[in-house]
Each structure stands twice: as structure tokens, then as C-alpha cells.
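Hi,

Here is the structure I promised to send over. Have a look at it first, and then read on for what turned up.

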Amino acid sequence: MTSDPRFAYARLRMRKDPQAVIVPLLDLKQQYQSIKDRVLAVTNDIYESQSFILGPRVEAFERAVADYVGARFAIGMSSGTDAQLAAMMSLGIGPGDDVVTSPYTFFSSAGAVYRLGARAVFCDIDPVTFNVDPAKLAEAITPRTKAIQPIHLFGQCADMDPILGVARQKGIPVIEDACQSLGAEYKGKKAGNLGDFGCFSFFPSKNLGGFGDGGMVTVNSEDLAQRVRSLRTHGQTAQYFHKYVGGNFRLDALQAAILNVKLPHLDNWGEGRRKNAAEIEGLFSEFGGVGFGEGGIGFPRQTEAFHHVFNQFVIRVAGGRRDELKRRLGERQIGNAIYYPVPLHLQECFALWGGKPGDFPEAERAAGETLAIPVFPELTAGQKEYVAFTLAQFSRGE
Ligand SMILES: *Cc1c(COP(=O)(O)O)cnc(C)c1O
């Protein structure tokens, strides 16, 4: 195998894979074809039963997720956002309380804190994992801190041992936002079973995606499990008797039945993503790609201890050229997305918390340098070569 990038491109063109030059960021249609018969059978059963809310399908899926994650309890929720909200409600978080979390993530983590009248206190991220930097965690803790909410972003766990160390020392509960990380592991333990609560989302583009919204809370404390289950149905403890004020946070039977068909495939799909990420990175080098340190493109770290499941495959672009790469990929019909362009401390609606540019430099740098590229398991060999070739060419300034 020669390392001459021109030779590699000739090989790519010889493949004559017509699909290779159009690469969506995510294509769920192929996955659906592989499970369609089972999905139609289980959903048809539900249509015949006309029983749509909670019930045996939701219970079966809850049991399956609890077993998969290794948690004692799993409670099906209407979304990942509602899972986060209910976990915080079960701890009684409200006005006057702080929740420490990452500024570089999806909106809902801080949004749920705000909706409870509490304050999100941000802790900057580690530039390698994009997750809360444990070295900066202790200084974010105040006497008002009622929870720490690390995010396992893009399919990779936060460095949980030191985070849990700080939390245990101060007696503060930990709510894992594992919405992008079902199946990810930290030192052999599954995401969502490391802290006190795991929050999951089954939004269609997550690694385990439903046919609509859905979520889950995993928890080991029986008391907290009961409370979350009660909050899910307006805080009732017996029908029409309300001990708490909750919400309608229920998971549909249809979603649970479909997700239960998909769950046994999750590890396989995750392996496909891991393999694709490694292959694209390898081809990038083979095609003469230039690394981040030399002004090119950086790839996410993969280690044994952090079993990354690549819900997103996020690269870093040096030299202020991220938006230029985004345009280039668009022209070449390669799907891509920026997760996330504005860190949470700079969101307009959180201005009352007083965040300003420069407060969390790593989060701000990540927001300006990162780009997600295709990694879904069904990518063809030609598509991977096309993506890697396009990136390598760009990284050399061509
Ligand atoms: C998707 C996601 C959520 C919210 O999940 P929904 O089901 O869309 O409400 C929360 N946190 C992260 C990191 C997510 O990716």
C-alpha cells in the first residue's frame, strides 16, 4: 500500500460506488429495513390491544434497560429532557439551589435547572473528552450545590472517578446526562450506572432511537425510583391522590415496544460506529491528512477505559477553519453538523446567571472548532474513503 494520496484517490474513483459521493450525516432508513418485520408485528399487537399508556410493554423495556445498564430500577419517561427534570424534582431542587453542569452540551441540562427556579453553575470542559474537567469541579461547588450533572457527550463518558470523588466527599448527588451514551462504558461500567441517576433519551437520532420522543431514568435507590415513578404521573401515589406535584412524563407503549425490538442490536450498531470512526481516521492518515497540531484536523481519542459509542463523531479543525470545512463538506454532499455553536453560559435566556465571553475558554473554543461528520454503521467503504479523502485534502490546505 502506497501512502501517495493521489493513488488513494484513484482507488476511490475506481470503486465506482455511486453512493460514495453523497454521504448523509445519518441515514436511519437502512436500519429500519433490517428490523421492519419485527417492528410491524409488535406495533400491530398494540393497535389490536388499544392499550397505549405505560403497561406491560413499558415495563418489559424498563426491565431490559435496567439489566443492560446494570441498575436496579429504570423508569420510562416521555423524553431525555423530562428524565433530567424528574431526576432533579425527585431531589427537591428548587429556588435557591445550584446545579453544577457543563456549559458545552445540549440545552436541556441547564434548561431543566432553570425551569425549577434553580441556578446552573458551569464548570469548564476538558478539551480532550469535551466533558466536565474534574480538576475544575471543586471550585464550582457552593454551599447551595444540590446536584452535579456531568454530561457524557457524543457517546463518551466524563471522567467519573474524580467527579464522584468530589461529589461523595461533599455528599452531593450525581445525575448523569447519558442521553447520547447508552452503551458507553467507563472502566467497564455502563454509562447511567456510575452516579445516582442516569438520564437517557430515545430521540430518533440517538444510538437507540424511537419513532418519536422517549426517555428513561435509571437509579439504584428504591426511594428515589418510587419518587420518579410518581412524578411521572403528576406526583400521584395512588390514583388521584397526589403527594407531589409532577408532570405527564410517561413513555408510550408504542415507543417502548419498538425500542425493545432495537435494544438487542445496540451493541452491534455501536461496534459499527466505533469501527467506522477508526477507519475514517486511518484513511485520513493514509491519504496524507495533516493533524490538528500541525494546523489540520484532530480526531477524538479512543481508549479502553472510555468505551466511546460515537453517537456523534466530532472532529476539531485548527486555524479558525471550521466554518470553511463545513462549507466544503456541504459542497461535496457530506452531511455535517455543529454540536453546539453557542455554549450554555452565553445563551440569551440564561443572561440572568451573568455568563460572559471568556468565562469558560475550553467550551468556547470547542464551540468554534468542532464539527460532527458521518459515522452511522451502514456507511459503505466508498463513503468512508470519500469522507476521509475530502478531510485529508482540506487539512493540507488544498
Ligand atoms: C438529546 C439530549 C438530551 C435531551 O433529550 P430529549 O429526548 O431530546 O429531550 C439531553 N442531553 C443531551 C446531551 C442530549 O443529547
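Let's start with a strand pairing: in S15, Leu-371 is the bridge partner of Ile-315. Bear in mind throughout that this is a predicted model. The two strands involved, S14 and S15, run antiparallel to each other and are paired over 4 bridges. They belong to an open sheet of 3 strands, ordered S12-S14-S15, again with antiparallel pairing. Strand S12 (297-298) and strand S15 (370-373) sit at the edges, each pairing on one side only. As a reminder, strands of a sheet pair through backbone hydrogen bonds, parallel or antiparallel.

Now for the charged side chains around there. The count of salt bridges comes to 20. One of them joins the side chains of Glu-369 and Arg-316, at 2.7 Å from N to O. Glu-369 belongs to helix H11 (residues 361-369) and Arg-316 to strand S14, so this pair ties together parts that lie 53 residues apart in sequence. Are these two buried or exposed? Glu-369 is buried, with a relative accessible area of 16%, and Arg-316 is buried too, with 9%. The cut-off for calling a residue buried is under 20%.

A further salt bridge links the side chains of Arg-365 and Glu-362, with 3.1 Å from N to O. These residues are 3 apart in helix H11, which means about one helical turn separates them. Arg-365 is partly exposed at 34% relative accessible area, whereas Glu-362 is buried at 19%.

Next, follow the chain on from S14. Where does Arg-321 sit? You'll find Arg-321 in the loop between strand S14 (313-317) and helix H10 (322-331). With 17% relative accessibility, Arg-321 counts as buried. Leaving out residues up to four places away in sequence, Arg-321 touches Gly-295, Phe-394, Ser-395 and Gly-397.

There is also a salt bridge between Arg-396 and Glu-398, whose closest N and O atoms are 2.8 Å apart. Here both partners are partly exposed: Arg-396 has a relative accessible area of 26%, and Glu-398 has 47%.

Helix H9 (residues 266-286) is worth a look as well. Its 21 residues reach 30 Å from the first C-alpha to the last, close to the 30 Å expected at 1.5 Å a residue. Quite a few H9 residues are buried, including Trp-269, Arg-273, Arg-274, Asn-276, Ile-280 and Phe-284. Just after H9, Gly-288 takes a positive phi of about 80°.

Which residues make the nonpolar patch of about 290 Å²? That patch is made by Tyr-47, Phe-52 and Ile-53. Phe-52 is in the loop between helix H2 (29-49) and helix H3 (56-69), and with a relative accessible area of 32% it is partly exposed.

Over to you, and happy browsing!

Notes. Residues are numbered from 1 along each chain as its sequence is written. This is a predicted model: local features need pLDDT of at least 70, side-chain atom pairs count only at pLDDT 80 or more; totals for chains, interfaces and linings use all residues. Side-chain values use heavy atoms; hydrogens and water are left out. Buried means under 20% relative accessible area, exposed over 50%, partly exposed in between (1.4 Å probe, protein chains only). Contact means heavy atoms within 4.5 Å. Patches are made of residues with over 30% relative accessible area and no salt bridge: like charges are joined within 9 Å, nonpolar side chains (Val, Leu, Ile, Met, Phe, Trp, Tyr) within 5 Å. Accessible areas come from the Shrake-Rupley method with a 1.4 Å probe; for residues, only the protein chains shown count as cover. A salt bridge is a side-chain nitrogen of Lys or Arg within 4 Å of a carboxyl oxygen of Asp or Glu. The expected span of a helix is 1.5 Å times one less than its number of residues. Two strands pair if DSSP finds at least two bridges between them.
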